[in-house]
Amino acid sequence: MRYAMAIDTKKCVGCSDCVVACQTENNVPIGYCRDWVVEVTDGTYPQLEIEIRSERCNQCSNSPCVRCCPTGASHYAEGGIVLVTPNKCIGCGACIQSCPYDARYSHPEGYVDKCTFCIHRIKKGLEPACVSACPTKCMYFGDLDDPKSPVSEILKVRKSKTLIPEAGTKPQLYFLI
Amino acid sequence: MREEIIVSGRNNYLIDPHLHIWHWQIPLYLFLGGLAAGILFFAAFFTLMGKENKYRTAVRIAPHLVPWVLVVGLFALLLDLKHQLYFWRLYTTIRLESPMSWGAWVLMLVTPLSFIWSAIHIKEIFPKWDWKFKILKDLEGFFTSKKTSIAWVMAISSIILGVYTGILFSAFNARPLWNTSILGPLFLASGLSAGAAVIMLLSKKHKERNMFAKIDIGIIVVELFLIIHMFMGFLASTQVQIDAAELFLGGPWTAPFWIFVVILGMIVPIFLEVLELRKFKIPVVIPAGLVLFGSLMLRFIIAYAGQESRWLY
């Protein structure tokens, strides 16, 4: 099993509903976020192109954060989801330094926190909060090993990219382009 | 002109606008760890060479500082942790892929060794020292008889400790400035140079001071060579590493790095040490103090600038 997410940059309007849905679902401390919206404007005026991306932890298959964790608090859970066990985390910050996407932050309570792909919802058969809240339905979630899952189906028919694949982390967040 | 503008809605504390999760504690600890490694290495090395009496300060006096240096360093490390009550989790597991885990375990070995080394040479500082209990006297006798073995373990573990202070940074591919294996040997050299400086400061014998001035000159030359190599490597690498090098080659860290680390911390001390060897009277505190200052600044500047270097996507 390999959980992954695909996000359609052509459909995303950058409304930030995913951000608020996540903050509410996961009780994210005020002022912090586990997912966020990035807008990239590229070109020469007036020929400009804009790409809007809803970003979060890339749940990498070769996660530097899991490798550098000195206590094993950062680990792979089912489906390759990268999780942090708060009462094993010493708050050393090594995983925060190791993430090329800066997807982790230090929770005010001391441990390191990040996107969990809403593993508590997946276990109940629900979609992650960001996916289910998206008003343009631009996000696809599922198991890459299952050819019938929404994420496998969309990746079959659309061109996609991952973010900084050259960092060698094997990210599992795909952006449809 | 073709431009790319990236606007992010993320504003996490200590993460944005650029990472600053490691403050003064980590560079201070890396400096003290390197210094401890340097002093212990010279103590072990000259013991194994059978030159204990010739280089008495290096073997028997300077190592008394190491337990204190390590305790202050470990305290700084503890202050850096944000979930401090769980620090013992470091010692419930060994994770071979994590430099932080290596460091924790190496310190677990080096710290007791430094206390033992200090204890078996305590009479050098306090000639009338009495252990009061027989068991402590017996332990001292036991460790004194095993001094050569202890020196071997100390020599190897101090090199691991010195290299680890650099590997801790260089293992992070996400921070392009740190992601160079040169940092391991560079920080080891810087730690050895700092250790030699402390021995020069404490030594009362002219011959011993001269010997360590020569050692220090040699190490600093190696450091300069490694720094040049590091920038050559960066400039021949990918765009993110070219950008990282630019921080020091015209960017905001140019003046602090070249003035504090390279000129004041390396070139001026070499110059003064050479003058000293040519029989000029130079107060030893100036070159030694500058070497220690440069070594500390190297850690601070690499730690802070490294967190500003990143991938752009």
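Biologist: What makes residues of chain A and chain B count as being in contact, and how many of them are there?

Modeller: In this predicted model, two residues are in contact if their C-beta atoms, placed from the backbone, lie within 7 Å, and by that test 43 residues of chain A are in contact with 39 residues of chain B. Strand 2, helix 2 (64–68), helix 3 (94–98) and strand 6 (105–106) of chain A each supply at least two residues of the side that touches chain B, and the largest share, nine residues, comes from strand 2 of chain A.

Biologist: How is the side of chain A that touches chain B made up by class?

Modeller: That side has 23 nonpolar, 15 polar and five charged residues.

Biologist: How do you know that strand 2 of chain A and strand 1 of chain B pair?

Modeller: Two strands pair if DSSP finds at least two bridges between them; strand 2 of chain A and strand 1 of chain B are joined over six bridges, in the antiparallel sense, so they pair by that rule. Within this part of the structure, Thr41(A) stands opposite Ile5(B) in strand 1 of chain B.

Biologist: What joins strand 2 of chain A to strand 3 of chain A?

Modeller: Nine bridges join strand 2 (residues 36–44) of chain A to strand 3 of chain A, and the two run antiparallel, with Trp36(A) standing opposite Glu55(A) in strand 3 of chain A.

Biologist: Why are helix 8 of chain B and helix 9 of chain B called roughly antiparallel?

Modeller: Helix 8 (residues 183–202) and helix 9 (residues 206–235) of chain B pack at an angle of about 160 degrees, with their axes 9 Å apart. Angles over 145 degrees count as roughly antiparallel, and therefore these two helices of chain B are described in that way. Their crossing is left-handed.

Biologist: Which residues make the contact between these two helices?

Modeller: Among them are Leu186(B), Ala189(B) and Ile199(B) of helix 8 of chain B, and Phe212(B), Ile219(B) and Leu226(B) of helix 9 of chain B. The residues of this contact divide into 17 nonpolar, two polar and three charged.

Terms used. Residues numbered from 1 in each chain as written. Chains lettered and ligands numbered in written order. Predicted model: local features only at pLDDT ≥ 70, side-chain atom pairs only at ≥ 80, totals over all residues. Helix = DSSP H or I, 4+ residues; strand = E, 2+ residues; numbered from the N terminus. Nonpolar A, V, L, I, M, F, W, Y, C, P; charged D, E, K, R; others polar. Axes fitted to C-alpha atoms, helices over the stretch in contact; angles between N-to-C directions. Parallel < 35°, antiparallel > 145°, perpendicular 65-115°, else oblique. Left-handed = near helix turned anticlockwise from the far one by under 90°.
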